[in-house]
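User: I'm new to this structure and would like a close look at one part of it. Could you walk me through that part and then show how the rest is put together around it?

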Amino acid sequence: MNPNILNNTFEPQTLADDLLEVRSVYGQFFAELSEVDWDKPVKGGSKEWTLHETVAHLCALNGAGLESVQHTLRGEPYTFVGLDSRYKFNAYNRTEIDEHLDIPMKEVGTRLLDILEEAASTARNLQPGQTELTVQMPIYNRPVKIVEALSIIMIHAGLFHTAQVAEPAGRRPLWRQLSPEIRHRMIGRVMRAFSLLYRFDIGGPLRAAIMFRVDGPGGGDWDVDVSPEAAVSAEGISEHPSLVIRLRGTEVFCQMLTSRLNLPKSLIGGAMKLRGDLRLFLRMNTLFSVDARPPATSKMTISSTLKAWRADDPQK
């Protein structure tokens with residue numbers, strides 16, 4: 001893996017453009033949204049949030065993330081109130097959602113659009129040196145760079161919850177409106193989020209390279225290397241991957257990240273192919289978990305492993 005391969009995934013101006021594109025997709029969606037769909041359940045089942053709750057979550061978590069970035073740029077400390085431990089993440093999400101549920105539909109939609117626009121403006125106005133400033137976020141394994149924090153806002157709104165938002169309104173997942181070029185950069189940002197989420201306390205002595213190979217327009221090769229010393233991601237081919245996860249296209253990757261992929265069917269039909277250490281594949285659920293507790297022993301199943309591809313998975 002070569003972390004020095006040049007690309008514009010984390011270039012501030014490109015990131016700003018991608019955030020505005022996500023804002024445009026949501027703007028069109030909200031303009032056509034009916035109050036009737038606001039509290040409908042999603043296809044993922046009763047354990048998933050409604051459209052109302054999902055948009056409230058996007059406002060709350062992205063808003064807090066953006067505030068932490070802005071405080072850092074001003075040289076001020078920021079505290080995620082109620083989130084002093086990764087194990088309080090579910091409770092934090094629920095509290096933040098509940099605080100937004102009484103806001104009228106149009107107003108909460110406008111708030112999300114404003115957050116995305118402000119995040120884009122923040123990215124576009126970053127000065128040399130500011131991109132390397134870091135934010136403390138309790139759920140990650142190291143301080144998060146400003147461009148990484150803004151990238152997480154982009155993938156959080158632009159991918160992770162796009163099926164939950166669209167399904168109650170009878171729409172296709174919103175990620176489908178993003179170009180192959182944006183999807184390519186989005187995958188790179190997800191890989192960085194994986195490296196930030198990696199659980200050193202669970203991985204222990206593990207040394208492994210997980211390679212994602214995505215075919216078709218917008219595809220490419222990405223690598224997440226983990227060890228007791230560091231977890232890093234980069235675009236490019238790993239020389240000695242422990243596990244290769246090959247996907248037929250960016251749409252398969254996006255279906256995984258939105259928990260809308262039928263894993264057995266994808267493996268049988270060839271949409272996903274695995275090569276290498278399948279035990280590592282089965283461990284991904286906990287290795288990249290926000291709040292899994294280090295177990296003495298852990299029994300994994302292939303079906304549970306889908307959660308591994310959610311860079312935030314608060315709905316358990």
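What covers the buried residues of α11?

Analyst: A quick word on ground rules before the tour. This is a predicted model, so to speak: local features need pLDDT of at least 70 and side-chain atom pairs count only at pLDDT 80 or more, while totals for chains, interfaces and linings use all residues. Residues are numbered from 1 along each chain as its sequence is written, and side-chain values use heavy atoms, with hydrogens and water left out.

Now to your helix. α11 spans residues 278-287; helices (H or I, at least four residues) and strands (E, at least two) are DSSP runs, numbered from the N terminus. Its buried residues are Leu280, Phe281, Met284, Asn285, Thr286 and Leu287. Buried means under 20% relative accessible area, exposed means over 50%, and partly exposed is in between (1.4 Å probe, protein chains only). The cover over them includes the helices α7 (180-197), α8 (200-203) and α10 (263-269), along with the strands β3 (208-214), β6 (243-247) and β7 (272-276). Contact here means heavy atoms within 4.5 Å. At the start of α11, a side-chain oxygen of aspartate 277 comes to within 3.0 Å of the backbone nitrogen of arginine 279.

One of those covering helices, α7, leads us onward. It packs with α5 (residues 146-160) at an angle of about 115°, the axes being 9 Å apart. The axes are lines fitted to C-alpha atoms, for helices over the stretch in contact, and angles run from 0 to 180 degrees between N-to-C directions. On the α5 side, the contact includes Glu148, Ile152, Ile155 and Phe160, and on the α7 side it includes Ile182, Met186, Arg189 and Leu196. Sorted by type, the residues of this contact are 10 nonpolar, two polar and three charged. For that sorting, Ala, Val, Leu, Ile, Met, Phe, Trp, Tyr, Cys and Pro count as nonpolar, Asp, Glu, Lys and Arg as charged, and the others, Gly among them, as polar.

Both α5 and α7 also meet α1, whose buried residues pack against α2, α4 (105-124), α5, α6 (162-166) and α7. α1 covers residues 12-32, 21 residues in total, and reaches 31 Å from its first C-alpha to its last, close to the 30 Å expected at 1.5 Å a residue. That expected span is 1.5 Å times one less than the number of residues. Among its buried residues are Leu15, Leu19, Val22, Tyr26 and Phe30. Where α1 starts, a side-chain oxygen of glutamate 11 reaches to within 3.2 Å of the backbone nitrogen of glutamine 13.

In α2 (residues 51-73) you'll find histidine 57, buried with a relative accessible area of 1%. Its side chain makes a polar contact (a pair of N or O atoms within 3.5 Å; within protein, one must be able to donate a hydrogen and the other to accept it, and residues adjacent in sequence count only if both atoms are side-chain atoms) with the side chain of histidine 156, at 3.0 Å. Over in α4 sits methionine 105, which counts as buried at 9% relative accessibility. Methionine 105 and phenylalanine 30 are 75 residues apart in sequence, yet 9.0 Å apart in space, C-alpha to C-alpha. Leaving out residues up to four places away in sequence, methionine 105 touches Leu33, Ser34, Glu35 and Trp38.
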